[in-house]
Amino acid sequence: MAAYSEEYWSKRLDPSTPEKVKRAIKRIYNSYPADKLPQGLCDPMYIMNILAFELGIGDGQGNFNLDD
């Protein structure tokens, strides 16, 4: 499976993104071959925003309601 560098993630994840969200999207991306997932700058956070919204732990716009 793909191993993404810290440089890859630093371009795609805002420093203010909660650590739980960062870990989740990194696990998703590391679970599939790179050619099976979108690789644009906004794609990982778009996916996480949709997941968080559907799970009721985010508003779909980068705001997450997580217990720390």
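## Ground rules

Because the model is predicted, local features need pLDDT of at least 70 and side-chain atom pairs count only at pLDDT 80 or more, while totals for chains, interfaces and linings use all residues. Residues are numbered from 1 along each chain as its sequence is written, and side-chain values use heavy atoms, with hydrogens and water left out.

## Helix H3

Start with H3, which runs over residues 43-55. Helices here are DSSP runs (H or I, at least four residues), numbered from the N terminus. H3 has 13 residues. From its first C-alpha to its last it reaches 18 Å, close to the 18 Å expected at 1.5 Å a residue. That expected span is 1.5 Å times one less than the number of residues. After H3 comes Gly-56. Its phi is positive, near 75 degrees.

Which residues of H3 are buried? They are Pro-44, Met-45, Met-48, Asn-49 and Ala-52. Buried means under 20% relative accessible area, exposed means over 50%, and partly exposed lies in between (1.4 Å probe, protein chains only).

## A nonpolar patch

Leu-51, Leu-55 and Ile-57 make a nonpolar surface patch of about 260 Å². Accessible areas come from the Shrake-Rupley method with a 1.4 Å probe; for residues, only the protein chains shown count as cover. A patch takes residues with over 30% relative accessible area and no salt bridge; nonpolar side chains (Val, Leu, Ile, Met, Phe, Trp, Tyr) are joined within 5 Å, like charges within 9 Å.

Ile-57 lies in the segment after H3. Ile-57 is partly exposed, with a relative accessible area of 31%.

## Salt bridges

How many salt bridges are there? The count comes to three. A salt bridge is a side-chain nitrogen of Lys or Arg within 4 Å of a carboxyl oxygen of Asp or Glu.

One joins Lys-26 and Glu-6, at 3.8 Å from N to O. Lys-26 lies in helix H2 and Glu-6 in helix H1, so this pair ties together parts that are 20 residues apart in sequence. Lys-26 is partly exposed, at 22% relative accessibility. Glu-6 is exposed, at 56%.

## Pairs within a helix

Lys-11 pairs with Glu-7, with the closest N and O atoms 3.4 Å apart. Both Lys-11 and Glu-7 are exposed. They are four residues apart in helix H1, so about one helical turn separates them. An α-helix has 3.6 residues a turn, so residues three or four places apart point the same way.

Lys-22 pairs with Glu-19, and here the closest N and O atoms are 3.5 Å apart. These two are three residues apart in helix H2, again about one helical turn. Is Lys-22 buried or exposed? Lys-22 is buried, at 14% relative accessibility. Glu-19 is partly exposed, at 49%. Beyond its neighbours within four places in sequence, Lys-22 is in contact (heavy atoms within 4.5 Å) with Leu-13, Asp-14, Pro-15 and Thr-17.
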